[in-house]
Amino acid sequence: MTFVFGSNLAGTRHGKGAALTARIQHGAVYGVAEGLTGRSYALPTCGYRFEPLPIDRIKGHVRNFLEFADKNQQLDFQVTRVGCGLAYYSDDQIAPMFKMAPQHNVFFDEKWRPFLGNGHYYWGTF
């Protein structure tokens, strides 16, 4: 399972929340702001100075991830509530961006079920 977490554009300070888990348990490395490293996928939700990225920029990074997940069907992805921690967005602002996620290999936090519906797979809250 590939652990998808919110990162910053510098790819540094994976020191709290899901980013810390990604670094310690899933092989995320400093300096990789977006994409696959180890068994993790960094999805930028904050800027270089850790300020929240605008929603439209996050949407672009989500599109990148969804394309990657679709092209890499041999991998399963566990998506954390990216953007809902240190980026300070709410679940209802971020979760709908993932509605078009491949349903066979992308799994979401149970808290996103109200926004994504029953067509997706869920796991317990991170």
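This is a predicted model: local features need pLDDT of at least 70, side-chain atom pairs count only at pLDDT 80 or more; totals for chains, interfaces and linings use all residues.
Thr37 sits in strand S2, which covers residues 35-37. With a relative accessibility of 14%, Thr37 falls in the buried class, because buried means under 20%. Leaving out residues up to four places away in sequence, Thr37 touches His26, Gly27, Ala28, Val29 and Val32.

Next, Thr2. Thr2 belongs to strand S1, residues 2-8. Its relative accessibility is 5%, so Thr2 is buried. Which residues does Thr2 touch, not counting those up to four places away in sequence? They are Leu36, Arg39, Ser40, Tyr41, Leu75, Asp76, Phe77 and Gln78. Keep Tyr41 and Phe77 from that list in mind; both come back with the aromatics.

Now the whole chain. The secondary structure amounts to four helices and six strands. Read from the N terminus, the order of elements is β-α-β-β-α-β-α-β-α-β. The radius of gyration is 13 Å, close to the 14 Å that the globule rule gives for 126 residues, so the chain is as compact as a globular protein of that length. Along the principal axes, the C-alpha atoms fill a box of roughly 35 × 30 × 25 Å.

Of the 126 residues, 48% are buried. Taking contacts with a separation of 6 or more, 52% are between residues 24 or more positions apart.

On to the aromatics. How many aromatic pairs does the count come to? The count comes to nine. The one I want to show is Phe65 with Phe77: the ring centres are 5.3 Å apart and the planes stand at 85°, so this pair is edge-to-face. Phe65 is in helix H2, residues 55-71, and Phe77 is in strand S4, residues 77-79, so the pair ties together parts that are twelve residues apart in sequence. Phe65 has a relative accessible area of 0% and is buried. Phe77 also counts as buried, at 0% relative accessibility. Both rings are members of one aromatic cluster, formed by Tyr41, Phe65, Phe68, Phe77, Phe98, Phe108 and Trp112. As I said, Tyr41 and Phe77 are among the residues that Thr2 touches.

Two backbone points. Most residues other than glycine have a negative phi. Phe50 has a positive one, near 70°. Phe50 is placed in the loop between strand S3, residues 40-46, and H2. At 31% relative accessibility, Phe50 counts as partly exposed. The other case is Tyr88, where phi is positive as well, near 65°. Tyr88 lies in the loop between S4 and helix H3, residues 91-94. Is Tyr88 buried or exposed? Tyr88 is exposed, with a relative accessible area of 65%.

Thr12 is in the loop between S1 and helix H1, residues 17-26. Its relative accessible area is 29%, so Thr12 is partly exposed. For a sense of distance, Thr12 and Arg113 are 101 residues apart in sequence, and their C-alpha atoms are 30 Å apart in space.

Last, Trp123. Trp123 is located in strand S6, residues 121-123. Trp123 has a relative accessible area of 17% and is buried, because the cut-off is under 20%. Setting aside neighbours within four places in sequence, Trp123 is in contact with Gln78, Val79, Thr80, Phe107, Phe108, Asp109 and Glu110. Gln78 is also on the list for Thr2, and Phe108 is part of the aromatic cluster. Trp123 and Ala42 are 81 residues apart in sequence and 19 Å apart in space, C-alpha to C-alpha.

Conventions. Residues are numbered from 1 along each chain as its sequence is written. Side-chain values use heavy atoms; hydrogens and water are left out. Helices (H or I, at least four residues) and strands (E, at least two) are DSSP runs, numbered from the N terminus. Buried means under 20% relative accessible area, exposed over 50%, partly exposed in between (1.4 Å probe, protein chains only). Contact means heavy atoms within 4.5 Å. The radius of gyration is taken over C-alpha atoms; the globule rule is 2.2 Å times the number of residues to the power 0.38. Rings of Phe, Tyr and Trp (its six-membered ring) pair if their centres lie within 6.5 Å; planes under 30 degrees apart count as stacked, over 60 as edge-to-face and the rest as tilted.
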